[in-house]
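The sequence and structure come next.

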Amino acid sequence: MIAWLFQKIFIAIIPDGGALDVRVVALKQKKLLYKKSHRFEGESAHREMSAYLQQFIDESPYHYIAVLNPDTNQGTVLGCSVDEAGESLSGVKSVCRKGKWLLYTSERELESLKKTYTTVGLDFVFSPFSVIEHFFEDKIGTGFALYALAQKDAFSIAFFDEGKLEYSHHYLMHQHEEREGEEGSAGGFSVGTEEVEAVEKGISLDDIESLDDLDIIDALDDLSDIEDLDALEDIMEFSEDEPTQEEKRFVAPQANEIKLDMDRFNDDYARFEFIQKTLSHFYTTEECNNRFVETVYIADAYGSGTELKRYLEEELFLNVLIRRIDLGDEVISLSISEEEGR
Amino acid sequence: MKHSFIAPRPKRIISGELRLVLFFFIVTILMLVGTYLFLGYKTFQFSHERQSIAQKEISLRDSIVHMEEQIKTIDAEVKIAEKITTDNTVMKESIRNLFDLVPDEITLDRAELEVSSLILYGTTPNKDTYEYMLHAPLRSIFHRTYTSFYPVENGWYHFVSSNYLDNENSEEIE
């Protein structure tokens, strides 16, 4: 009744590795008052985040805290009846979408998630597939395509055909590394389907062939300039004390930058593998129905994707469209639509 | 547009502490309003009572005036009664005196006693008896006395004696 007097504060918490990305948006009668972002890292991230969010919680009773579900055991199934899905959907919390497909997550993990955020409390928990559906709202109704959400720690793949979710898979990015050696560990969680193969345990030599296109290797291949070396008459004496012009020009990259690049490279390759694996699995299922994926839409929240695009285009001959996604904004947008739809 | 796995928590505009403070404020305000209403009711009641008492006072004053008038009337009536009683007593005395005044020889047939006059009808053996024994005392009482004699067959006389008091005396007598 008097809710219009208060500002509505929407808070989005995005788990990102060990860190927590927090986005705070305050609205009053649909008018943006302010927008704040903060990242919490380290062991005390949750404690610091609680203290940070308390000021916004105290600011207005109409505050909504949403989190993007980071759980492993989540996915979608066709149809909206849990009974149809059978025993595999026991102990899950589900949400029916448009009467056509069901979003689900493990009830136990959901309770665990609530307990994790018990100090601030949770109002909304969104599935990454909801984010895909919302983010590609303009695309999913246009035909059959593969849609993916690339997070730092997870990779969600969904097949939409004329606005209907046909098939999906949710993978954790580094699970295969952590569980290396464990048998039968899948990188993701899928209901009603069996994993055709385990997640790759490393980069195979065959895959390295695809690295031939890298610019560095191209440059190494180009040996035409070597002949020029013979033409050089005045070769400067190398001194141990004074650095050469090349040495001066060349700035050695920082170790963490190299690590970051390598991580991105590995993550892009892992994502490529996830897509490849999901596609091959999809083509063997009944849901395929003699359809082939031609276009891949990727919502990139990690800031990489160029390598992935190249792999997909060159190896799988797919049309790839990568859109940068701000997960905080997207989760807040979902929260707003959820709050308005109540 | 349902995407969330959980429903949002109910939003309470008022916190626990604020609710407690508001509760006390509301109780205080209710008590004040209650007191105000009670005093207002009592004031209304008192003013109503005052009005009724004022009306009663007016009616009592009216009744007092009426009673005073009645008392006056009664007093007047008492006076009249006393006067009548006195008059009656006086008349009784007068009649007794009148009868005492009339000698045995004279017989009265009729007497008309009025405020300022006395008319006697009677029979007397002779005029002298009347003259000396009745007329003399009547003359001493009344200012004017007229007597008429009519002879009867047996030699006696019927007489009519008209006696009047003058106005001053009659007023004094009244």
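## Confidence

pLDDT is the predictor's confidence in each residue, on a scale from 0 to 100. The structure is a predicted model. In chain A the average pLDDT is 78, and 74% of the residues score at least 70.

Where pLDDT is low, the predicted coordinates should not be read in detail.

## Helices α4 and α12

Two packed helices are described by the angle between their axes and the distance between the axes. In chain A, helix α4 spans residues 128–135 and helix α12 spans residues 327–340; their axes come within 10 Å and cross at roughly 90°. Angles of 65 to 115 degrees count as roughly perpendicular, so α4(A) and α12(A) are roughly perpendicular to each other.

On the α4(A) side, the contact is made by Ser130(A), Val131(A), His134(A) and Phe135(A); α12(A) supplies Leu327(A), Glu330(A), Ser333(A) and Leu334(A). By class, this contact has four nonpolar, three polar and one charged residues.

## Ile11 in strand β1

Strand β1 of chain A, residues 8–16, contains Ile11(A). A residue is buried if 20 or more other C-beta atoms lie within 10 Å of its own; Ile11(A) has 28 C-beta neighbours inside 10 Å and therefore counts as buried.

Leaving out residues up to four places away in sequence, Ile11(A) touches Val22(A), Val24(A), Leu53(A), Phe56(A), His63(A), Tyr64(A), Ile65(A) and Ala66(A). Ile11(A) and Ser335(A) are 324 residues apart in sequence, with a C-alpha to C-alpha distance of 8.6 Å.

Technical notes
Residues are numbered from 1 along each chain as its sequence is written. Chains are lettered from A and ligands numbered from 1 in the order in which they are written. This is a predicted model: local features need pLDDT of at least 70, side-chain atom pairs count only at pLDDT 80 or more; totals for chains, interfaces and linings use all residues. Axes are lines fitted to C-alpha atoms, for helices over the stretch in contact, and angles run from 0 to 180 degrees between N-to-C directions. Helices (H or I, at least four residues) and strands (E, at least two) are DSSP runs, numbered from the N terminus. Angles under 35 degrees count as roughly parallel, over 145 as roughly antiparallel, 65 to 115 as roughly perpendicular and the rest as oblique. Two residues are in contact if their C-beta atoms, placed from the backbone, lie within 7 Å. Ala, Val, Leu, Ile, Met, Phe, Trp, Tyr, Cys and Pro count as nonpolar, Asp, Glu, Lys and Arg as charged, and the others, Gly among them, as polar. A residue is buried if 20 or more other C-beta atoms lie within 10 Å of its own, exposed if 12 or fewer, and partly exposed in between; C-beta atoms are placed from the backbone.
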